[in-house]
Amino acid sequence: MKRSKYLVPLSWEHHNALLNANRLQKGIANRTETRILLEFANFIWQNDLFPHFQREENIIMTRQEWPHVPEHLRTRVLQEHQTMDDLVKRLNNLSDEDEIRRLLNELASMVISHVRFEERELFPAIEEAFFEQSLQKIEQALREAHVPGCTTWSPKFWQKKE
């Protein structure tokens, strides 16, 4: 899908989010120790996903054109951000390993669904509703605020065990 060059920094972050959500799902399938999966999920949340949500909310959703994006899209993005935040908080207050694993899988699925929604529905609506000058300012702010995602993690629990 062709993305406006102005939103490419967010699409890069989305790529990393999908990669890490898939890693989490593979780790669950590989029966990785729950503690390792939870540490990974917390690291990704604190260093990639939560800051990404903050950038979207502070850089895009504060623009004068934001109200011109269809309301159901605006509502959905904010609700999903909050739902994932609540889920991570809940995960960290559980002791039942089966429930933690179930919720980690749910979180990974939510991340994948959310990224697809933003890329396929929200971003095209933003590209249509926003003025080019505003999109240029968004791109600049996103590039300045960009933090490279987690590209290394040890152990590589998502790799198939021999």
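Predicted model: local features only at pLDDT ≥ 70, side-chain atom pairs only at ≥ 80, totals over all residues.
Biologist: Lys89 and Asp85 both lie in helix α3; how many residues apart are they?
Modeller: Helices here are DSSP runs (H or I, at least four residues; strands are E, at least two), numbered from the N terminus. Lys89 and Asp85 share helix α3, with a separation of about one turn of the helix.

Biologist: What N to O distance do the side chains of Lys89 and Asp85 have?
Modeller: Side chains of opposite charge can pair when their charged atoms come close. The rule for a salt bridge is a side-chain nitrogen of Lys or Arg within 4 Å of a carboxyl oxygen of Asp or Glu. Lys89 and Asp85 meet in a salt bridge, N to O, at 3.0 Å.

Biologist: Is Asp85 buried or exposed?
Modeller: Buried means under 20% relative accessible area, exposed means over 50%, and partly exposed is in between (1.4 Å probe, protein chains only). Lys89, at 47%, is partly exposed. Asp85 has a relative accessibility of 12%, so this residue counts as buried.

Biologist: Which helices hold the salt bridge partners Glu13 and Arg55?
Modeller: The side chains of Glu13 and Arg55 meet at 3.1 Å, N to O. Because Glu13 and Arg55 are in separate helices, the pair ties together parts that are 42 residues apart in sequence. Both Glu13 and Arg55 are buried. Glu13 lies in helix α1 and Arg55 in helix α2.

Biologist: How many aromatic pairs does a search of the whole structure find?
Modeller: Rings of Phe, Tyr and Trp (its six-membered ring) pair if their centres lie within 6.5 Å; planes under 30 degrees apart count as stacked, over 60 as edge-to-face and the rest as tilted. With that rule, the search of the whole structure gives five.

Biologist: Why is the pair of Phe40 and Trp158 classed as it is?
Modeller: The ring centres of Phe40 and Trp158 are 6.1 Å apart. Phe40 lies in helix α2 and Trp158 in the segment after α5 (132-145), so the pair ties together parts that are 118 residues apart in sequence. Their planes stand at 45°, so the pair is tilted.

Biologist: Which residues form one aromatic cluster?
Modeller: Phe40 is buried at 1%, and Trp158 is buried at 13%. The rings of Phe157 and Trp158 have centres 5.0 Å apart and planes at 80°, so this pair is edge-to-face. Phe157 is buried too, at 5%. The cluster consists of Phe40, Phe157 and Trp158.

Biologist: Which residue lies over the face of Trp158?
Modeller: A charge sits over a ring if NZ of Lys or CZ of Arg is within 6 Å of the ring centre and within 35 degrees of the ring normal. Arg76 has its charged end over the ring of Phe117, 4.0 Å from the centre. Over Trp158, at 4.2 Å from the ring centre, lies Arg23.

Biologist: Which residues does Thr32 touch, not counting those up to four places away in sequence?
Modeller: Thr32 is in the loop between α1 (8-29) and α2 (34-60). With a relative accessible area of 5%, Thr32 is buried. Counting heavy atoms within 4.5 Å as contact, Thr32 touches Gly27, Leu37, Arg101 and Phe157.

Biologist: Which residues have the most contacts inside the largest nonpolar core?
Modeller: A nonpolar core is a set of buried Ala, Val, Leu, Ile, Met, Phe, Trp, Tyr and Cys residues joined through side-chain atoms within 4.5 Å. The largest has 29 residues, and the elements giving two or more residues to this core are α1, α2, α3 and α4 (97-129). A second, separate core of 20 residues includes Val69, Leu73, Phe123 and Ala129. In the largest core, the residues with the most contacts are Leu24, Leu104 and Val111.

Note on methods: Residues numbered from 1 in each chain as written. Heavy atoms only, no water.
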